[in-house]
Every structure is written in structure tokens, then in C-alpha cells.
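Please have the sequence and the structure at hand while reading.

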Amino acid sequence: MKTTDITSVAGYQDLNRLLALMTGDEKHGTAATSTLDALWVLYDRVLRVSPESVDAPGRDRFLLSKGHGPMAYYAVLAAKGFIAEETLPGFGSYDSPLGHHPDRTLIPGVEISSGSLGHGLPLAVGSVLGLRARGLTDPRVWVLIGDAELDEGSNHEAIAYAGPAGLDQLHTLVIDNASATYGWPGGIASRFEAAGWSVPAVDGRDHEALYAAFTAPHAGRPRAVVARVEPKS
């Protein structure tokens with residue numbers, strides 16, 4: 001898939017325009033807008049990956065586990081030149097590469113085909129282990145999950161493993177919009193802390209707070225950032 005000239009769509013101020021290009025049913029708009037700010041900060045200031053390096057062994061990996069409501073993800077990918085802006089209006093249509101869940105075989109830069117809740121964090125753990133087995137200790141693996149995914153036992157197994165294993169290449173971004181069924185005593189951050197993770201909780205709309213949390217050192221421990229978000233209507 002070709003990319004396009006992104007000089008006019010590379011800014012945060014253009015994301016709402018890009019989102020508006022995606023129409024149709026089942027947009028999961030609230031789910032999309034809850035992730036928009038965190039995704040932008042990651043792709044604009046943190047992730048070491050570009051349209052030219054999507055297959056480079058040393059790239060950072062980003063896994064969207066919260067695969068439903070991927071509109072914000074597509075908008076950011078378009079703003080950064082991974083996909084052409086012209087593909088956005090076809091979102092969700094039969095012949096569009098932009099499905100209601102991202103497909104790694106159709107979209108440059110997409111690391112996993114996601115949508116089934118609870119899979120992304122275990123896949124991220126496996127990605128870190130695979131990188132280590134290849135002697136690649138510099139690339140970072142980021143995974144974005146929703147708070148409701150913590151209702152899935154597979155995520156708790158991944159959390160319980162990654163902390164004692166010291167997987168400091170692993171970074172988890174949890175979008176907390178109070179949609180979990182069960183929750184956790186003491187809040188989401190306490191679940192990760194109990195397993196030995198480094199974890200702050202921040203305002204998921206505050207770009208500077210997100211950037212500081214994303215880039216803080218955490219030697220020998222995996223990192224989780226809990227981003228609290230009141231969904232935009």
C-alpha cells in the first residue's frame with residue numbers, strides 16, 4: 001500500500017478531521033476517542049518506528065490489543081504516513097483494508113490482527129521473549145489494552161509472568177474509562193504493582209503527563225501506564 005504526502009495532516013490538530021473521514025456503522029466512536037491522545041503521544045514522540053522501518057529488526061513494536069474502535073489508530077497512522085489519507089473514507093467497507101479490527105496483513109505498521117479481548121498482552125510478552133532470544137534487547141514492545149480486557153484471565157497470567165521475569169522491554173498502556181466489569185481492589189495500578197511492575201496512573205488527555213510516564217526509567221521491571229480517560233461524547 002502506498003503512503004501519501006502527509007505535510008498537511010501530520011499534526012495533532014488534524015486528527016479530528018481525519019476521524020471525520022471515517023463513516024458508516026459500528027464505528028465504536030467512544031472507544032476510539034478514548035485512545036486518541038495516548039496514541040498520538042506514542043507515535044509522535046516515543047515509538048521508534050516509521051513507514052520506512054516497519055520491517056526493521058530494531059524497530060519498536062506497537063500492539064493494539066484494544067482492537068475494536070480502531071478509528072483513532074487509523075487516523076494516527078494516516079497522520080504519520082503509514083497509510084494514505086485517501087483510504088480513510090472506505091473504513092469498514094468490503095474492499096477496504098481498514099476493517100473494524102486491524103489486519104496486520106493489510107496495513108503497514110500493524111503488528112497484530114486484533115479484536116479478541118485479552119490476547120494483546122500475552123502476545124506482547126511473547127514478542128519480548130522472542131526479541132531476547134534473537135539477542136535484540138534494544139527494541140521496546142508497547143501494547144495498548146482497555147480496562148475491560150483485565151476481566152480476561154489471560155491478561156492476569158501475562159501480568160503475573162512479566163513482573164518476576166523482569167521484562168523491562170515490555171510497556172503496557174491501559175486505557176481506563178471505567179468500563180471493566182469486575183475492577184480490582186485498590187485500582188488497576190495496584191494489580192500491576194503487586195506483580196512487580198513499574199506503574200503510574202495519569203490523565204489520559206494530558207500529553208505532557210503521558211510523555212513523562214511513557215519515558216520514565218524502569219530498569220529491570222516491565223512498565224505499565226494507566227491512562228484515566230473520561231470518554232468524549
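F192 counts as buried, because its relative accessibility is 0%. In this predicted model, F192 and W197 form an edge-to-face aromatic pair, with 4.9 Å between the ring centres and 75° between the planes. W197 is likewise buried, at a relative accessible area of 1%.

**Other aromatic rings**

- The count of aromatic pairs comes to 9.
- One of these pairs joins F62 and Y73 in a tilted arrangement, 5.6 Å centre to centre and with 50° between the planes.
- F62 belongs to strand β1 (residues 61-64) and Y73 to helix α3 (residues 71-79), so their pair ties together parts that lie 11 residues apart in sequence.
- F62 and Y73 are both buried.
- A cluster linked by ring pairs consists of Y43, F62, Y73, Y74, F82 and F91.

**A charge over a ring**

- R45 lies over the face of Y211, at 4.0 Å from the ring centre.

**Helix α4**

- Helix α4 (residues 120-133) contains 14 residues and spans 20 Å from its first C-alpha to its last, close to the 20 Å expected at 1.5 Å a residue.
- The buried residues of α4 are G120, L121, A124, V125, V128 and L131.
- These residues are on the same side of α4, because they cover an arc of only 145° around the axis.
- An α-helix has 3.6 residues a turn, so residues three or four places apart point the same way.
- The buried residues of α4 are covered by elements including β1, β2 (141-146), α5 (153-165) and β3 (170-176).
- Just after α4, G135 adopts a positive phi of about 80°.

How values were computed
Residues are numbered from 1 along each chain as its sequence is written. This is a predicted model: local features need pLDDT of at least 70, side-chain atom pairs count only at pLDDT 80 or more; totals for chains, interfaces and linings use all residues. Side-chain values use heavy atoms; hydrogens and water are left out. Rings of Phe, Tyr and Trp (its six-membered ring) pair if their centres lie within 6.5 Å; planes under 30 degrees apart count as stacked, over 60 as edge-to-face and the rest as tilted. Helices (H or I, at least four residues) and strands (E, at least two) are DSSP runs, numbered from the N terminus. Buried means under 20% relative accessible area, exposed over 50%, partly exposed in between (1.4 Å probe, protein chains only). A charge sits over a ring if NZ of Lys or CZ of Arg is within 6 Å of the ring centre and within 35 degrees of the ring normal. The expected span of a helix is 1.5 Å times one less than its number of residues. The arc is that of the directions from the helix axis to the C-beta atoms. Contact means heavy atoms within 4.5 Å.
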